Amino acid sequence: MSSGLEARFAAGLREFELELELAVEPGTCLALVGPSGAGKSTVLRVIAGLHRPDSGSVALGERPWLDRERGVDLPPERRDCGYLFQDYALFPHLSAWRNVAFGLKEVPRRERRERATAVLSRFGAGELADAPPRELSGGERQRVALARALARDPALLMLDEPLSALDSTTAAAAGRELATTLAAAEGPAILVTHDFADAALLADRIAVIDRGRVIQSGSAAELSAQPGSAFVADFTGAAVLFGTARATASGTTVVALDGGGEVRSSDPAEGKVGVAVYPWEITLEPPGTEAHGSALNRIEARVTSVTEVGSRARIGLLAGQPLVAEITGESLARLGLAPGVGVVTTWKATATRLVAR
Amino acid sequence: MNRRGPFAVLLVAALAVTLAFLILPIVAIFADTPPGDLIDSLGSDASRDALWLSLKTTLAALIVIVVVGTPAAYLLATREFRGKSLVVTAIELPLVLPPAVAGIGLLAAFGPKGIFGSALADAGIELVLETAGVIVALTFVAAPFYLRQAQAAFAAVDPDLLAAARTLGAGEPRAFWRVAIPCAGAGISTGMALAWGRALGEFGATLMFAGSFQGITQTAPLAIFASFSTDFPAALALSAVLVAVSAALLLAVKLLGRSPLLGGVQA
């Protein structure tokens with residue numbers, strides 16, 4: 001039986017007050033995204049018991065971990081959470097399997113090595129069991145750290161910038177593995193990242209944090225299509241579509257989108273991908289217009305929402321999958337866009353980034 | 001390093017002068033007397049007593065320093081509290097104290113007429129002119145060397161490592177033993193060697209507080225001082241032993257610092 005996480009607390013940080021309330025259902029992942037220094041990591045530290053807030057409570061299902069009013073404050077070792085630290089925090093003096101075995105205190109000493117190696121193997125790192133952390137690559141460290149965090153079957157999984165320490169090629173592969181791990185997790189999970197695209201790929205819900213407060217939360221598509229403020233609009237950046245890529249003879253990659261339709265990209269890729277395109281790269285045309293420019297990608301869509309942010313307008317679209325375009329207020333008036341109206345979206349293949357999934 | 005300008009020559013010259021000046025007195029200890037004579041001079045009772053006493057008292061002081069100093073250094077490295085810098089300064093004070101002042105201070109605190117003198121006497125503890133007094137003096141002067149090193153070593157341990165240990169089910173004591181100490185191992189062993197070296201060479205505070213009685217309070221440095229006007233070869237021989245021990249200690253520090261077993265990891 002897995003239980004959900006509920007937390008609400010306030011903690012004074014150096015420059016601002018961290019104040020938020022969050023709930024994560026079992027089997028789902030919440031991403032906390034925001035700029036560096038927004039207080040994201042502190043949220044994880046409060047939940048793990050590594051930082052004591054001024055007031056508030058943290059509970060996993062029926063079990064209170066923290067309740068300042070009732071004087072409950074379990075130390076970190078008695079809160080059941082797997083924590084993946086930003087730089088993985090592998091113990092430098094212990095081999096990979098001993099790192100994993102560190103958390104297996106309840107397992108009889110003779111069986112620890114076997115158990116630790118088995119968990120490492122589950123993350124494709126079984127052959128690294130005897131290696132000291134300094135001999136591991138970034139991707140290998142992440143696998144060992146993930147194995148260590150999950151070896152205890154924690155009731156809650158927390159990941160602090162899991163991909164930011166990796167180079168882009170490794171990050172793509174590690175991101176795929178992480179998505180698999182998160183999908184299999186029965187308990188709630190929280191992911192901290194400064195990269196909206198990572199959050200969109202890995203999490204079910206996203207909370208945008210700035211200066212200690214959640215300023216908006218929702219699915220990636222919702223945030224992207226209906227940003228509550230210019231900050232969220234800028235931060236959400238690319239909209240992400242999902243599909244399957246195949247290379248063509250001409251060198252462009254064709255992606256068959258999951259909801260139907262095809263787009264082309266100049267990025268090389270193969271297999272399951274996320275297609276990232278920035279809202280300001282998308283041009284909207286009235287339906288029925290013929291292709292006339294250099295933009296290779298043309299998809300028919302229906303307007304689902306119109307959100308004006310200053311002089312710009314975010315247009316939420318449904319093109320099989322949710323998509324977002326950003327246009328000026330002037331264009332909005334000229335095209336007469338409103339929910340329900342059909343449009344043709346076009347953008348260039350060179351403005352289409354492919355991220356492995 | 002390809003082009004050798006006048007500046008590079010200056011640097012090399014400065015190093016050569018420094019090295020010559022620092023090495024010369026040490027070489028002279030061995031050069032003055034044939035090795036055979038040195039070994040013979042160690043045969044005297046006074047020399048052997050002094051060396052044996054130095055070994056015992058420095059080890060005892062080192063044990064006290066490490067047992068009490070390690071948790072104290074850990075606290076200073078991992079907690080913030082009001083007046084912390086004051087505490088750190090107080091701990092470092094003996095580093096800059098003239099040995100004679102340290103001796104007077106110890107007498108004023110623990111001597112027969114000192115603040116705790118009567119309390120100690122009531123408890124049946126004699127320090128002045130006793131071996132225990134030597135250990136007290138050595139601990140006083142050597143502890144700051146260890147504390148400083150250990151504190152710096154603990155402070156250099158990535159706090160996320162300790163946090164990771166906690167989230168993996170380890171209480172603070174286990175995180176301290178299994179993570180903090182191994183990760184700070186290189187710095188801790190350096191601190192031990194420095195404190196031991198300082199204790200081995202201690203002279204002034206011991207002389208004033210504990211006196212210089214053969215077999216009881218006369219450590220090797222005191223014995224060297226006692227014999228250098230009457231029996232120079234014996235003084236020289238003891239000095240040679242101290243040089244050898246100190247050099248071995250220094251070498252051990254460097255080697256231990258590199259050993260991955262003791263956390264000598266430059267990640």
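**The interface of chain B and chain A**

Modeller: In this predicted model, 19 residues of chain B are in contact with 21 residues of chain A, contact meaning heavy atoms within 4.5 Å. Local features need pLDDT of at least 70 and side-chain atom pairs count only at pLDDT 80 or more, while totals for chains, interfaces and linings use all residues. Residues are numbered from 1 along each chain as its sequence is written, chains are lettered from A and ligands numbered from 1 in the order written, and side-chain values use heavy atoms, with hydrogens and water left out.

The size of an interface is often given as the accessible area lost when the parts come together. Here chain B and chain A bury about 1,900 Å² between them, with 68% of it on carbon and sulfur atoms; buried area is the accessible area (1.4 Å probe) that two parts lose on being put together, summed over both.

B:Asp160 forms a salt bridge with A:Arg45, and their closest N and O atoms are 3.7 Å apart. On the chain B side that touches chain A, helix H8 (159–167) and helix H9 (172–183) each supply at least two residues. H8(B) gives the most to that side, with 7 residues. Helices are DSSP runs (H or I, at least four residues), numbered from the N terminus.

Key:
Salt bridge = Lys/Arg side-chain N within 4 Å of Asp/Glu carboxyl O.
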